[in-house]
Structure formats: structure tokens, C-alpha cells
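Please look at the sequence and the three-dimensional model below, and keep both in view while you read.

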Amino acid sequence: MKQNSILLLILLILGFGCEEYNDPQNPLIVICFDDNYQSVYDNGLPILNAFNMKATNFTNTGNLGDEDHYGWDELIEMELEYGWETAGHTLNHINMPFCSDEYVEYQIKEDWLNLKNNGLSHESFALPAGNVTIDQFRIIQKYYQNIRNSYDIKQFSPIDETALGYYSFDSSFEPEDIIGRILRGVDHKEVLIILGFHAIDHNSTFSANCIPDKFEEIISWISENGFEVVTLKEAVKKLTE
Ligand SMILES: [Zn+2]
């Protein structure tokens with residue numbers, strides 16, 4: 001046996017491996033809804049209210065009130081009545097790398113001002129479709145502290161609030177897919193799991209839709225298992241203090 005192997009064997013026997021970090025704390029859970037779907041207000045909000053949970057709306061304020069999309073009244077109600085967080089997502093869900101930096105700044109700044117001037121939260125932002133150039137990323141940082149992308153990144157302590165990932169529900173998923181993601185996070189000792197949803201519709205062919213029964217099953221499981229559900233800005237505050 002080579003010398004290195006002998007040393008490793010001795011260390012393993014003596015228990016000098018990677019010491020187990022025994023923090024019983026579960027990861028915080030954040031529930032996000034992107035793109036202002038009406039069914040979030042109609043079906044998602046009552047389910048979350050029944051379990052006393054809040055979510056974060058990544059909103060395109062230029063698209064509020066469009067067909068199948070809720071309007072300003074519902075957005076404001078979700079934050080001011082029910083404690084949800086409102087967050088930016090550009091005015092019209094633009095694909096940023098295909099746009100000039102001047103237009104990107106207009107889309108980000110006007111969306112941010114719309115939130116601010118309506119007395120809503122304006123700390124968090126999600127990249128539309130997950131796309132951005134490095135120069136555009138710097139523009140976002142002029143307005144927002146928390147930036148969420150579209151990757152399923154494992155989030156350990158300390159978190160980077162400008163590189164927050166999420167696990168996005170696809171209409172082919174079952175509740176077990178989301179539950180499995182949360183349990184992997186517990187196993188890996190992640191501190192934050194961000195779950196992403198779009199529409200919560202009974203009848204939809206939309207690839208990111210989650211039917212209300214499945215959504216309720218997920219939320220019920222999260223509640224029964226004692227996970228703490230917070231908004232994104234609350235999670236960042238708790239994890240960076
Ligand atoms: Zn989006």
C-alpha cells in the first residue's frame with residue numbers, strides 16, 4: 001500500500017474525515033410565481049391562505065391586466081392584504097440579450113419605479129427566461145439587491161443574493177418531484193430552496209402550469225412537515241444577518 005493510502009486509512013479510522021455538520025435547521029422555502037397569471041390570484045392565493053403561507057410575485061408591470069393576467073388591484077392586494085412580496089421581472093418580459101442596454105435599462109427602471117410608486121416591495125428581481133449579459137447584470141444591480149436566475153442551484157450558507165437559483169415546476173411534474181427536491185435539499189444541508197410556479201390553472205396546456213390539486217398537495221406536504229415558508233426578501237434577510 002502506498003504511503004498516501006495508509007495515511008488516508010489511518011485518518012478514516014481515527015474519524016478525521018469531513019466532520020458531519022449537525023444543524024437540525026431545515027432549509028427555508030420560498031414560493032415564487034412569475035409572469036402575473038390570473039390563476040395565481042384565483043387558485044394559488046386561496047390555497048396558500050388556507051395554510052397561512054406567503055409567496056413572491058415576479059411581475060411584469062407592463063403586462064398587468066392583459067388577457068389571463070391579473071391587474072394592479074390584485075397585485076397590490078396580494079402584498080398589502082396578505083403579506084406577499086412583489087418583485088421585478090422587467091416591464092414586458094423582454095429577452096434581454098437581444099435588446100440594447102438602453103432599452104434594457106428602460107424596461108428594468110420603469111418596472112422598478114412602478115413597484116416603488118405603488119408602495120410595493122422592489123428589492124428582488126428575476127431574469128426573464130434566465131437570460132442576461134454581464135453589462136445588463138450590472139444595470140440590474142443599480143436597482144435590485146436580490147437577483148434570481150433560472151438554474152436549480154444548491155444554496156448553501158453563506159448565500160449569494162445576486163445568484164439565487166430556483167426549481168421550476170413543469171406541467172409533467174408530480175408533487176413528488178417537488179417533495180424530492182426539498183428532501184435532497186435537507187440531505188445536502190442547503191439553507192434555501194426556491195420553488196418556481198407560473199399558472200395554477202384547472203384547464204391549461206401551458207407547459208409550466210400546475211393544476212390546483214397538485215399545488216395543494218405540495219403546499220400541504222410543506223406545511224405538515226414543518227418547513228418555514230417566507231418571501232424571498234425575508235429569506236435573504238434571515239440568511240445574511
Ligand atoms: Zn418569466
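Helix H4, residues 101-117, has 17 residues and reaches 24 Å from its first C-alpha to its last, close to the 24 Å expected at 1.5 Å a residue, where the expected span is 1.5 Å times one less than the number of residues. Helices here are DSSP runs of H or I with at least four residues, and strands are runs of E with at least two, each numbered from the N terminus. The model is a predicted one, in which local features need pLDDT of at least 70 and side-chain atom pairs count only at pLDDT 80 or more, while totals for chains, interfaces and linings use all residues. Residues are numbered from 1 along each chain as its sequence is written.

Which residues of H4 are buried? They are Val104, Gln107, Ile108, Asp111, Trp112, Asn114 and Leu115, where a residue is buried if 20 or more other C-beta atoms lie within 10 Å of its own, exposed if 12 or fewer, and partly exposed in between, with C-beta atoms placed from the backbone. Seen down the axis of H4, these buried residues fall within an arc of 155°, so they line one face of the helix; the arc is that of the directions from the helix axis to the C-beta atoms. An α-helix has 3.6 residues a turn, so residues three or four places apart point the same way. On the other side of H4, Glu102, Tyr103 and Asn117 are exposed, and what covers the buried residues includes strand S3 (85-88) and helix H5 (134-143).

S2, residues 56-59, pairs with S3 in the parallel sense over 4 bridges, and Phe58 stands opposite Ala87 in S3; two strands pair if DSSP finds at least two bridges between them. In S2, Thr56 and Phe58 point one way and Asn57 and Thr59 the other way, and all are buried. S1 and S2 also run parallel, joined by 3 bridges, and the bridge partner of Cys32 in S2 is Thr56. S1, helix H2 (residues 38-50) and S2 make a right-handed β-α-β unit, and S2, helix H3 (residues 72-80) and S3 make a right-handed one as well. Right-handed means that, with the strands pointing away from the viewer, the path from the first strand over the helix to the second runs clockwise.

Strand S1, residues 28-34, pairs with S7 in the parallel sense over 6 bridges, and Val30 stands opposite Ile194 in S7. S6, residues 167-168, pairs with S7 in the parallel sense over 2 bridges, and S6, helix H6 (residues 175-188) and S7 make a right-handed β-α-β unit.

Notes
Two residues are in contact if their C-beta atoms, placed from the backbone, lie within 7 Å.
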